[in-house]
Amino acid sequence: DSPQEIKEYLEKQLAQVTGLESVKGMLRSLCRKMVVDQQRAKFGFVNQQNLNMLFLGNPGTGKTSMARVVAKLLKHMGVLKRGHLVEVSRKDLVAEYSGQSAVKTVAKVQEALGGVLFVDEAYSLKHQDAKDSFGQEVVDTLVAEMENRRSELVVICAGYTKEMGDFLRTNSGLQSRFPNVFDFPDYTYPDMAEIFTRMAEERKLRVDPKLSKDRLVELMAQSIPRSVASRGNARAVRNLVETVLTRQTDRVADKGTVSMASLLTLQEEDFPAVGDGAAAGAA
């Protein structure tokens with residue numbers, strides 16, 4: 001594809017992800033560099049770019065969604081053959097007996113070849129306890145496999161910013177293998193309002209058209225305190241959808257209405273009131 005076609009493809013993928021403008025900007029920049037490197041290669045340039053990435057931030061900030069965008073983009077550009085995403089965490093890699101963790105890790109790497117291996121909560125692979133030899137076995141095996149398979153695989157490790165810093169120190173070769181670092185900010189309340197609307201629409205529900213965008217943003221702030229939001233972000237919004245739907249169900253059932261509009265429309269009165277326990281429980 002031409003550089004313009006690649007740019008248009010990326011923008012189409014990014015349009016499906018709410019917010020994260022700083023992350024999107026960094027990904028656009030990385031994409032431009034890859035496009036230029038591919039053009040340089042026509043004149044003999046040897047591209048040795050390392051595309052492994054760190055996704056840092058709180059839970060529910062769109063890291064998995066963005067990893068899928070990366071996988072699709074790299075396949076579209078011909079960097080990866082398959083462009084699939086294999087998601088793993090500690091339970092998928094750490095075994096009960098010595099030597100088995102390496103085997104499980106290699107098996108997951110094999111599954112991810114031609115695509116992206118997404119290691120969620122990567123910091124949990126190696127516990128702070130120095131005796132966590134099985135976790136260390138996973139880390140050491142992963143570093144070796146990343147080196148041996150660097151042309152066939154992209155690894156994205158995700159987790160809290162501070163804990164990921166500690167994780168990178170568990171193996172001397174880790175930090176240098178992740179040159180692309182993306183910081184995922186918490187969602188803003190306008191972002192959450194957009195996410196709420198999308199999640200509702202995915203379930204064939206709709207937010208009452210009489211509810212303005214500004215008012216919906218206010219309802220997000222009312223229903224999801226910032227302290228709760230930072231612990232859950234999009235997950236907190238998903239829980240709020242469930243809370244609102246439960247309240248809407250009770251309202252509709254009490255009225256005995258069965259029209260499509262009444263059954264599928266979420267109204268302002270369905271949101272938990274300020275101080276309502278249901279609001280604080282959104283996360």
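Tutor: We can begin with R251, whose place is in helix 11; please keep in mind throughout that this is a predicted model.

Student: Why is R251 called buried?

Tutor: The relative accessible area of R251 is 12%, and buried means under 20%, so R251 is buried. Leaving aside its neighbours within four places in sequence, R251 is in contact with T265, Q267, E269 and D270.

Student: What makes the phi of L20 worth a remark?

Tutor: Most residues other than glycine have a negative phi. L20 is not a glycine, yet its phi is positive, about 55 degrees. L20 is found in the loop between helix 1 (3-14) and helix 2 (21-41), and at a relative accessible area of 4% L20 is buried. N233, again not a glycine, has a positive phi of about 50 degrees; N233 is found in the loop between helix 10 (226-232) and helix 11 (234-255), and at 0% relative accessibility N233 counts as buried.

Student: How do you know that the length of helix 1 agrees with what its number of residues should give?

Tutor: At 1.5 Å a residue, the twelve residues of helix 1 should span 16 Å, and the end C-alpha atoms are 16 Å apart, so the two values agree.

Student: What makes you say that the buried residues of helix 1 line one face?

Tutor: The buried residues of helix 1 are I6, L10, Q13 and L14. Seen down the axis of helix 1, these buried residues fall within an arc of 95 degrees, and therefore they line one face of the helix. What covers them includes helix 2 and helix 3 (63-76).

Student: What makes strand 1 and strand 5 a pair?

Tutor: Two strands pair if there are at least two bridges between them, and strand 1 (residues 53-57) and strand 5 have five bridges, in the parallel sense. L54 stands opposite V181 in strand 5. In strand 5 (residues 180-184), V181 and D183 make up the uncovered face, while N180, F182 and F184 make up the covered one.

Student: Why is the contact between R149 and E145 called a salt bridge?

Tutor: The side chains of R149 and E145 meet at 3.9 Å, N to O, and the cut-off is within 4 Å, so the pair qualifies as a salt bridge. R149 counts as partly exposed at 22% relative accessibility, whereas E145 is buried at 13%.

Student: How do you know that R215 and E218 are about one turn of the helix apart?

Tutor: An α-helix has 3.6 residues a turn, so residues three or four places apart point the same way. R215 and E218 both lie in helix 9 (residues 213-223), three residues apart, and their side chains meet in a salt bridge at 2.9 Å, N to O. By this rule the count comes to 18 salt bridges.

Key: Residues are numbered from 1 along each chain as its sequence is written. This is a predicted model: local features need pLDDT of at least 70, side-chain atom pairs count only at pLDDT 80 or more; totals for chains, interfaces and linings use all residues. Side-chain values use heavy atoms; hydrogens and water are left out. Helices (H or I, at least four residues) and strands (E, at least two) are DSSP runs, numbered from the N terminus. Buried means under 20% relative accessible area, exposed over 50%, partly exposed in between (1.4 Å probe, protein chains only). Contact means heavy atoms within 4.5 Å. The expected span of a helix is 1.5 Å times one less than its number of residues. The arc is that of the directions from the helix axis to the C-beta atoms.
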